[in-house]
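This report sets out selected features of one protein model, from helix packing to the surroundings of individual residues. The sequence and the structure are shown first.

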Amino acid sequence: MNAAYDVLIIGGGPIGLACGLEAQKAGLSYLIIEKGCVVNSLYNYPLYMTFFSTSERLEIGNVPFVSINPKPTRPEALEYYRRVATSYELHIRLFETVEAVQPNAAEYLVTTNKTQYHARHVVIATGFYDIPNLLNVPGENLPKVTHYYKDPHFYATQDVVVIGAHNSAVDAALETYRKGARVTMVIRDEGIGARVKYWVKPDIENRIKEGSIKAHFLSSVKAIREQEVDIATPDGIITIKNDFVIAMTGYQPNFQLLKQSGIALSDDSFLRPDYNPITMETNMPHIYLAGVVCGGMNTHVWFIENSRDHAGKIMAHIKTSY
């Protein structure tokens with residue numbers, strides 16, 4: 001059992017680190033708990049990913065983010081956030097998973113896979129990248145299927161199906177195609193997503209138009225087998241040869257942790273958690289939300305650049321309780 005902290009922060013991503021910086025600045029005792037490495041979600045991004053935002057909009061704690069590119073890359077972001085964490089000696093425990101948050105008199109008892117902590121306030125900044133939206137089709141559990149795309153070299157000369165039409169899917173399709181994969185995209189809508197990065201969208205649309213990358217619009221994968229995939233198209237079911245499936249179907253927050261903590265969710269399909277946008281406090285007193293988790297299933301509302309101020313709001317409100 002550990003001594004009580006003023007603030008326990010669940011999640012060591014950019015917004016979790018920002019909360020740690022603000023807690024440190026406010027003179028509060030705090031601890032960040034992260035189930036993976038520092039900024040674990042960014043670490044699991046594709047190897048060559050380029051951010052949509054410019055570097056200054058990804059900064060936290062007023063620490064300059066210097067990039068040699070107009071828009072920073074994944075390696076630059078990892079370097080930046082790691083240096084922030086180490087330079088400010090943020091109190092963070094890595095590779096430790098929070099399993100439960102329970103009221104305990106005037107505090108909360110936070111149970112992890114390693115120990116328990118007492119905290120007067122809890123901040124949930126867990127993002128949404130760890131739980132993929134499943135296809136729920138036969139064969140989805142085969143080793144050839146992944147919901148995370150990392151490096152295009154692995155797919156060279158292979159028949160690859162990419163499911164999705166937004167940034168992750170488009171990056172996977174273009175990069176694997178340029179490493180020699182034979183790529184087929186399966187897209188449930190009638191075109192490439194409107195939110196695709198503006199410098200990439202013409203590229204993917206031209207590759208589809210010329211036939212270098214095949215695309216089935218208004219379509220969905222119905223079954224996956226070792227060497228084939230069944231696709232429902234407007235013209236009926238077709239079966240194509242296949243070695244790998246990259247299912248970029250999106251992700252969702254850890255709703256189980258939110259529910260277990262007592263946080264109310266909206267009764268619509270977005271499952272938005274209940275919180276005060278001024279203080280970021282939820283319906284559970286002294287439990288706060290920060291970052292992407294605030295949007296529920298609508299994961300295109302909050303990003304690093306527009307949720308950095310959550311940290312300041314939270315710590316300012318916590319300070320009023322002392």
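## Basis of the description

Two residues are said to be in contact when heavy atoms of each lie within 4.5 Å. The model discussed here is predicted.

## The surroundings of Phe65

Under that criterion, and leaving aside neighbours within four places in sequence, Phe65 is in contact with Ser55, Leu58, Glu59, Pro72, Glu76, Ala77 and Tyr80. Phe65 itself belongs to the loop between helix H2 (40-43) and helix H3 (74-87). Its relative accessibility is 4%, and Phe65 therefore counts as buried, the limit for that class being under 20%.

## Packing of H1 against H8

Helix H1 (residues 14-25) packs against helix H8 (residues 309-319) at an angle of about 40°, and their axes are 8 Å apart. The two helices are therefore oblique to each other, and H1 passes H8 in a right-handed crossing.

On the H1 side, the contact involves Ala18, Cys19, Glu22 and Ala23; on the H8 side, Ala311, Gly312, Ile314 and Met315. By class, these residues comprise 6 nonpolar, 1 polar and 1 charged.

## Packing of H4 against H5

Helix H4 (residues 167-178) and helix H5 (residues 201-210) pack at an angle of about 60°, with 10 Å between their axes. H4 and H5 are therefore also oblique to each other; here the crossing is left-handed.

H4 contributes Val170, Ala173, Leu174, Tyr177 and Arg178 to the contact, while H5 contributes Asp203, Ile204, Arg207 and Glu210. The contact of H4 with H5 is made up of 5 nonpolar and 4 charged residues, with no polar ones.

## Asp171 in helix H4

Asp171 is located in helix H4. With a relative accessible area of 11%, Asp171 is buried. Not counting residues up to four places away in sequence, Asp171 touches Met49, Tyr149, Lys197 and Val200. Asp171 and Pro103 are 68 residues apart in sequence, and their C-alpha atoms lie 44 Å apart in space.

In soluble globular proteins, nonpolar side chains tend to be buried together. In this model the largest nonpolar core has 89 residues, and those with the most contacts inside it are Tyr81, Met185 and Met315. A second, separate core of 13 residues includes Val145, Ile163, Val186 and Ile240.

Beyond four places in sequence, the residues touched by Met185 are Val162, Gly164, Ala169, Val170, Ala173, Ile192, Ile204, Ile208, Ile213, Lys214, Ala215 and His216. Among them, Val170 and Ala173 of H4 and Ile204 of H5 also take part in the contact between those two helices. Met315, in turn, is one of the H8 residues that meet H1.

Is Lys214 buried or exposed? At 56% relative accessibility, Lys214 counts as exposed, since that class begins over 50%. Lys214 is placed in strand S11 (residues 214-216). Apart from neighbours within four places in sequence, Lys214 is in contact with Val183, Thr184 and Met185. The C-alpha atoms of Lys214 and Lys313 are separated by 47 Å, and the two residues are 99 residues apart along the chain.

Trp302, by contrast, is buried, with a relative accessible area of 19%. Trp302 lies in the loop between strand S17 (287-289) and helix H7 (304-307). Not counting residues up to four places away in sequence, Trp302 touches Tyr275, Gly291, Val292, Cys294, Gly295, Ser307 and His310. From Trp302 to Lys209 the C-alpha to C-alpha distance is 33 Å, and the two are 93 residues apart in sequence.

## Residues with positive phi

Most residues other than glycine have a negative phi. Ala105 has a positive phi, near 60°. Ala105 is situated in the loop between strand S4 (98-104) and strand S5 (107-112), and at 85% relative accessibility Ala105 counts as exposed.

Thr157 also has a positive phi, of about 70°, although Thr157 is not a glycine. The loop that holds Thr157 runs between strand S8 (145-146) and strand S9 (159-163). Thr157 has a relative accessibility of 49% and therefore counts as partly exposed.

Notes: Residues numbered from 1 in each chain as written. Predicted model: local features only at pLDDT ≥ 70, side-chain atom pairs only at ≥ 80, totals over all residues. Heavy atoms only, no water. Axes fitted to C-alpha atoms, helices over the stretch in contact; angles between N-to-C directions. Helix = DSSP H or I, 4+ residues; strand = E, 2+ residues; numbered from the N terminus. Parallel < 35°, antiparallel > 145°, perpendicular 65-115°, else oblique. Left-handed = near helix turned anticlockwise from the far one by under 90°. Nonpolar A, V, L, I, M, F, W, Y, C, P; charged D, E, K, R; others polar. Core = buried A, V, L, I, M, F, W, Y, C linked by side-chain atoms within 4.5 Å. Buried < 20%, exposed > 50% of the residue type's maximum accessible area, 1.4 Å probe, protein only.
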